[in-house]
Amino acid sequence: MQDPNEDTEWNDVLRAKGIIPQKKEKEITEDEIINMLESTIEEKQKGKDLSKLDLDELDELEDSEDEDVLQQYRLKRLAEMQAAASRARFGTVREISGQDYVDEVTKAGEGIYVVLHLYSRGLPLCALINQHLTQLAMSFPMTKFVRAIATTCIANYPERNVPTIFVYYEGQLKKQFIGPIELGGPNLTCDELEYMLGQAKAIESNIKEDPRASKKVKDKMFAELSDNNDW
């Protein structure tokens, strides 16, 4: 006997005339439903890095994506953003004195990097570094930037050591840059200072190659070109 559920032209004619019942829909099992859902989520997430989506973008996806999965991502991102916000409480360069040193530097807090600039008034390099630090403080608000006149912070601090930058972490001195030569001289750029502080782990800089190295190469090439064109 021919299967009444079989897809044939004859069966279609018989169904149309009511001789045989309409074809039964195949029942979908729970496992098949789950597999379809997971497949749909996977397809929709192709090319998307959920870890890079903000909270509004995750909210928009909740109507079409698996709610439990997205909720986990959302809670994780929210926790990360709250943790970052709690650390990003600086953003400026604070002026301190010797009396403030312990509270502002050595007792800055757990997980806090402190960049301290000891400077002298009237020195162009010190003024340049203060300018660069103001820009870096805004870019890296999780790092605490402070500055102090050298002799008011440390009695009888040698003038030849100015400018000086100390990097502290949880009250411990981790790195120091002492004097004009070590700090790059009057042509120090903000990118160069950012690289130096990034290497000291005071900030999370994206500059991974020393800008001073490429500048030296350019200077050498320029000098060689000038020598070749010397009449």
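Visitor: Where does Glu170 lie?

Guide: In this predicted model, Glu170 lies in the loop between β4 and β5 (172-178).

Visitor: What is the phi of Glu170?

Guide: The phi of Glu170 is positive, about 50°. Yet Glu170 is not a glycine.

Visitor: What makes the peptide bond from Val162 to Pro163 cis?

Guide: Its omega is near 0°. Pro163 sits in the loop between α7 (150-153) and β4 (164-169).

Visitor: Why are α6 and α9 called roughly perpendicular?

Guide: Take the angle. The axes of α6 (residues 124-139) and α9 (residues 190-199) cross at roughly 65°. Angles of 65 to 115 degrees count as roughly perpendicular. Therefore α6 and α9 are roughly perpendicular to each other. Their axes come within 10 Å, and the crossing is right-handed.

Visitor: Which residues make the contact of α6 and α9?

Guide: From α6 come Ile129, His132, Leu133, Gln135 and Leu136. From α9 come Cys190, Leu193, Glu194 and Leu197.

Visitor: How many residues of each class are in the contact of α6 with α9?

Guide: That contact has 6 nonpolar, 2 polar and 1 charged residues. Cys counts as nonpolar and Glu as charged.

Visitor: What volume does the largest pocket have?

Guide: The volume is about 290 Å³.

Visitor: What makes a residue part of the lining of a pocket?

Guide: A lining residue has an atom within 4 Å of a pocket point. The largest pocket is lined by 14 residues. Met142, Thr143, Ala202, Ile203 and Glu204 lie nearest its centre.

Visitor: How many nonpolar, polar and charged residues are in that lining?

Guide: The lining of the largest pocket has 8 nonpolar, 3 polar and 3 charged residues.

Notes
Residues numbered from 1 in each chain as written. Predicted model: local features only at pLDDT ≥ 70, side-chain atom pairs only at ≥ 80, totals over all residues. Heavy atoms only, no water. 1 Å grid on protein atoms, 1.4 Å probe; cavity = no way out; pocket = protein on both sides within 12 Å on 5 of 7 lines; lining within 4 Å. Points joined across faces, edges and corners; volume = space filled by probe spheres on them. Axes fitted to C-alpha atoms, helices over the stretch in contact; angles between N-to-C directions. Helix = DSSP H or I, 4+ residues; strand = E, 2+ residues; numbered from the N terminus. Parallel < 35°, antiparallel > 145°, perpendicular 65-115°, else oblique. Left-handed = near helix turned anticlockwise from the far one by under 90°. Contact = heavy atoms within 4.5 Å.
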